[in-house]
Amino acid sequence: MYKYFKSLPYPLNIKCKDLKMAKYIITQFGGANGELGAALRYFSQKFSMPDDKGRSLLNDIATEELGHAEMISTMVKMLIKDASLDELKEAGLDSYYTEHGKGIYPIDSSGVPFTASYFASTGDVFADLSEDMAAEQKARATYEHLINLATDPDIIAPLLFLRQREVVHFNRFKELYDYYKKSLNCSK
Amino acid sequence: MLFDTDGFYLAEKKYKDDYDFKVSILNEPCSRLKIYDLSEAFKKGNLFPSLYDEYKCYKPELPKCRTEREKALLELQMLAFSIGDLNLYLDLHPNDAYAYQIFKEYVKEFKKKKECFTKVYGPLTLGSLTDDYEWSYSPWPWEEERL
């Protein structure tokens, strides 16, 4: 069961619209390495974790990622809020506008809509945790690319925060992976 | 034992002892656990100095608050952050009494601050009761103009 907490994990205070950045940042909502995919990946995989450590870690990281998906969506909303049609066209968001107006829809930075094939759930703890480690590294790399593209400190600060979360999650997944590997070797 | 001889893990635990591995990496007590304080952890996005990974030369700062509400909410966000990062750590180190002690202190502090916040600004969770039903019309996180 989920309960909603009516706050973002990290405050957003984006004063200037930036349609190009909106177009890039939305990839962390609906892209292959985005927060929505991360939340669904760990949510789906938690059912095949073999012990309490795995069950709790995947459950709790999935929950955190869903909060990040809301944070990214809020950033996009703030970045496009006051945009005119001409500005949308200029930023290459006219085709987005056609389907979604100024609504939020999970796509990547090239406009490809979200798909469940961005993640796997194999029922194999080592395959799943290896994917999770790679997913966190890819999300970290994507955040770094976004930070490199950004100039507004109000955009960079939340991106740095979210990037750092990928670093922590990677380490926790690795810790769990190593733990299972060791216990597998001990049982041989 | 978590895994059978073919390497398939056993989904159901059969004995209490199943979880007592002769593996020390997660079960050893971490009394020397080093953590950042609330605001340092929050601005870094990481509670643990041993895991902190700086990007380029960026030195993150604490977000600036525009209103009293934002200030009060930031204190809750900082507590929630450290509680969450301790939560992930404790998932893998449930026997670390020192970490759990800090976790409990933060949770108590969070509950207290959340109650004060609710009295002034309305509920953050559906279960926080106020005189009127304020849940739907107190600001939603994506309504930046009302925060």
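The questions below cover confidence, the fold of one chain and the contact between the chains.

Mentor: This is a predicted model, in which local features need pLDDT of at least 70, side-chain atom pairs count only at pLDDT 80 or more, and totals for chains, interfaces and linings use all residues. Residues are numbered from 1 along each chain as its sequence is written, chains are lettered from A and ligands numbered from 1 in the order in which they are written, and side-chain values use heavy atoms, with hydrogens and water left out.

Trainee: Over which residues of chain B is the pLDDT below 50?
Mentor: pLDDT is the predictor's confidence in each residue, from 0 to 100. Chain B averages 85, and 77% of its residues score at least 70. Where pLDDT is low, the predicted coordinates should not be read in detail. In chain B the pLDDT is below 50 over residues 11–30.

Trainee: What radius of gyration does chain A have?
Mentor: The radius is taken over C-alpha atoms, and the globule rule is 2.2 Å times the number of residues to the power 0.38. For 188 residues a compact globule would come near 16 Å, and the value for chain A agrees with that: 18 Å.

Trainee: How many helices does chain A have?
Mentor: Helices (H or I, at least four residues) and strands (E, at least two) are DSSP runs, numbered from the N terminus. Chain A has zero strands. Its count of helices is eight.

Trainee: What area is buried between chain A and chain B?
Mentor: Buried area is the accessible area (1.4 Å probe) that two parts lose on being put together, summed over both. Carbon and sulfur atoms give 62% of it here. Phe5(A), Lys6(A) and Arg172(A) supply 16% of what chain A buries against chain B, more than any other three residues. The area between the two chains is about 4,900 Å².

Trainee: Which residue of chain B forms a salt bridge with Arg165(A)?
Mentor: A salt bridge is a side-chain nitrogen of Lys or Arg within 4 Å of a carboxyl oxygen of Asp or Glu. The rule finds two across this interface; one of them joins Arg163(A) and Asp53(B) at 2.7 Å, N to O. For Arg165(A), the closest N and O atoms are 2.9 Å apart, and the partner is Asp85(B).

Trainee: Where do Arg165(A) and Asp85(B) sit?
Mentor: The pair crosses between chains. Arg165(A) is in helix H8 of chain A, and Asp85(B) is in helix H2 (residues 68–92) of chain B.

How values were computed:
Contact = heavy atoms within 4.5 Å.
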